[in-house]
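Here is a short briefing for a first look. Keep the sequence and the 3D view open as you read.

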Amino acid sequence: RQRAISAPSLALAVAMAEYHFQWYRPGTAQMDVEVVEDAANLMYTSILFSACNRADMPMDMFFQRMCNSRWAYVVLLYSELGREFAARYVTDKAATVLEKAIAVFDE
């Protein structure tokens, strides 16, 4: 995870590993909100690194770089994180994270 900060080319791989293998706290059914937030931020970093946020990107390149998956995952991660914060009545964090979900969806 530390290397993904200095090497954004690793952000997608680390985000997906966190999403698939660290969603829950060990031995519980409780979401690990720190890990999920980190995965969402890394997924967004991977979008920026791959230039998936460029509206002028040709469609074939958009799919080659898996931009369609990156965008879907970042919205999913922020949305689920916001829902979890809301369920825990941490309304300020829920609002902030859900605003991020809307912002990346609108990009």
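Which residues in α3 meet which residues in α6? In this predicted model, Glu37, Asn41 and Tyr44 of α3 meet Lys93, Val97, Lys100 and Val104 of α6. The points below take helix α3 and its surroundings in turn.

**α3 with α6**
- Helix α3 covers residues 33–49, and helix α6 covers residues 91–106.
- Their axes lie 13 Å apart, and the packing angle is about 25°.
- Angles under 35 degrees count as roughly parallel, so α3 and α6 are roughly parallel to each other.
- The crossing of α3 past α6 is left-handed.
- By class, the residues of the contact of α3 with α6 are three nonpolar, one polar and three charged.

**α2 with α3**
- The axes of α2 and α3 cross at roughly 150° and come within 8 Å.
- Angles over 145 degrees count as roughly antiparallel, so α2 is roughly antiparallel to α3.
- This crossing of α2 and α3 is left-handed.
- On the α2 side, the contact is made by Ala11, Leu12, Val14, Ala15, Met16, Glu18 and Tyr19.
- On the α3 side, Val35, Asp38, Ala39, Leu42, Met43, Thr45 and Ser46 take part.
- The contact of α2 with α3 has 10 nonpolar, two polar and two charged residues.

**What is buried in α2**
- Helix α2 spans residues 11–21.
- Its buried residues are Ala11, Leu12, Val14, Ala15, Met16 and Glu18.
- The cover over the buried residues of α2 includes α1 (2–6), α3 and α5 (67–87).

**Ser46**
- Ser46 sits in helix α3.
- Is Ser46 buried or exposed? Its relative accessibility is 1%, so Ser46 counts as buried.
- A polar atom of the Ser46 side chain lies 2.7 Å from the backbone oxygen of Met43.
- Leaving aside neighbours within four places in sequence, Ser46 is in contact with Ala11, Leu12 and Arg70.
- Ala11 and Leu12 are also among the buried residues of α2.

**Ser50**
- Ser50 lies in the loop between α3 and α4 (59–64).
- Ser50 has a relative accessible area of 9% and is therefore buried.
- Which side chain makes a polar contact with the side chain of Ser50? The side chain of Arg70 does, at 3.1 Å.
- Not counting residues up to four places away in sequence, Ser50 touches Met57, Arg65 and Arg70.

Key: Residues numbered from 1 in each chain as written. Predicted model: local features only at pLDDT ≥ 70, side-chain atom pairs only at ≥ 80, totals over all residues. Heavy atoms only, no water. Axes fitted to C-alpha atoms, helices over the stretch in contact; angles between N-to-C directions. Helix = DSSP H or I, 4+ residues; strand = E, 2+ residues; numbered from the N terminus. Parallel < 35°, antiparallel > 145°, perpendicular 65-115°, else oblique. Left-handed = near helix turned anticlockwise from the far one by under 90°. Contact = heavy atoms within 4.5 Å. Nonpolar A, V, L, I, M, F, W, Y, C, P; charged D, E, K, R; others polar. Buried < 20%, exposed > 50% of the residue type's maximum accessible area, 1.4 Å probe, protein only. Polar contact = N/O pair within 3.5 Å; in protein donor to acceptor, adjacent residues only side chain to side chain.
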